[in-house]
Amino acid sequence: MLKISRESEINLINVLIDNDIISGKDLPNIKKVSTEKNKSQIDAVFELKLCDEDKILDLLVFFSIFELSLISLIFKSFI
């Protein structure tokens, strides 16, 4: 079970949609499983086997590296 805030969960669901890992068409099913089993939507994504923790970690690492590269580039432009 992944423990994150509701806001972070929504952001993560949106990242999964934006990166074509899950579809907007999956949302009703995700919400249904989440409600019926009293689980978070992320846990419902895992249960429906739409994504796994490794794929989420890969995405988060990618965005972290991208962000750091962008910050570095911006910083260098001011020197």
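Me: Is Asn-38 buried or exposed?
Reply: Asn-38 counts as exposed, at 70% relative accessibility; exposed means over 50% relative accessible area, buried under 20%, and partly exposed in between (1.4 Å probe, protein chains only). This is a predicted model, in which local features need pLDDT of at least 70, side-chain atom pairs count only at pLDDT 80 or more, and totals for chains, interfaces and linings use all residues. Residues are numbered from 1 along each chain as its sequence is written, and side-chain values use heavy atoms, with hydrogens and water left out.

Me: Where does Asn-38 lie?
Reply: Asn-38 lies in the loop between H2 and H3. Helices are DSSP runs (H or I, at least four residues), numbered from the N terminus.

Me: What is the phi of Asn-38?
Reply: The phi is positive, about 55 degrees, although Asn-38 is not a glycine. Most residues other than glycine have a negative phi.

Me: Now H2. Which of its residues are buried?
Reply: In H2 (residues 27-36), Ile-30, Val-33 and Ser-34 are buried. They line one face of the helix, because they fall within an arc of 100 degrees seen down the axis of H2; the arc is that of the directions from the helix axis to the C-beta atoms.

Me: What do the buried residues of H2 pack against?
Reply: They pack against helix H3 (41-47), where contact means heavy atoms within 4.5 Å.

Me: And which residues are exposed on the other side of H2?
Reply: Pro-28, Thr-35 and Glu-36 are exposed there.

Key:
Helix = DSSP H or I, 4+ residues; strand = E, 2+ residues; numbered from the N terminus.
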